[in-house]
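Visitor: Could you show me how to read burial and packing in a model like this one?

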Amino acid sequence: MKVVFHADDFGLLPGINAGIVEAHVTGVLGSTSLMVNADAADDAVALAAANPTLDVGLHLTLVEERPVLPLEEVGTLVDGDRFWRSHPVVALRYLRGQWNATQAVRELEAQWARCAQLGVRPTHCDGHQH
């Protein structure tokens, strides 16, 4: 049996990025997933490049963070300049027809494209708080 230790939220904050790299360098952590739309994504990409044995995937995000697409293209997905902050709010908006799934698909595609723009070839994909 193989156990893989994985950390998500790579790119969320510089401290999280540093902790992920430290856990990898000390031999505990094998993989992480990058939030390309988070504030410290560029820092995470640089750290990943400096640590090529760290397995990096894409951490798709439709809650809490800022979208990659312009706000006017994802208007039903956001509250102000960020995605809605809780899953119950998103679920209720979806059930009421106030959350557009087509906008969500376009945003997820934009996050995938942003990952490529950053020079990261993700080995896997997962979802933030899913």
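Guide: Gladly. Let's start at Met1, which sits in the segment before strand 1 (strands are DSSP E runs of at least two residues and helices H or I runs of at least four, numbered from the N terminus). This is a predicted model, where local features need pLDDT of at least 70 and side-chain atom pairs pLDDT 80 or more, while totals for chains, interfaces and linings use all residues. Residues count from 1 along each chain as its sequence is written, and side-chain values use heavy atoms, without hydrogens or water.

Visitor: Is Met1 buried or exposed?

Guide: Exposed means over 50% relative accessible area, buried under 20%, and partly exposed in between (1.4 Å probe, protein chains only). Met1 is exposed because its value is 99%. Glu65, in the loop between strand 3 and strand 4 (78-79), is buried because its value is 8%.

Visitor: Which residues is Glu65 in contact with?

Guide: Contact means heavy atoms within 4.5 Å. Beyond its neighbours within four places in sequence, Glu65 touches Leu12, Met35, Asn37, Ala38, Arg82 and Phe83.

Visitor: And which residues have the most contacts inside the largest nonpolar core?

Guide: Such a core joins buried Ala, Val, Leu, Ile, Met, Phe, Trp, Tyr and Cys through side-chain atoms within 4.5 Å. The largest here has 18 residues, with Phe10, Ile20, Leu34, Val36, Val56, Leu118 and Val120 making the most contacts inside it. Strand 1 (6-10), helix 1 (14-25), helix 2 (41-50) and strand 3 (55-60) each give two or more residues, and helix 2 supplies the largest share, four. A second, separate core of 12 residues includes Val63, Phe83, Ala104 and Ala110.
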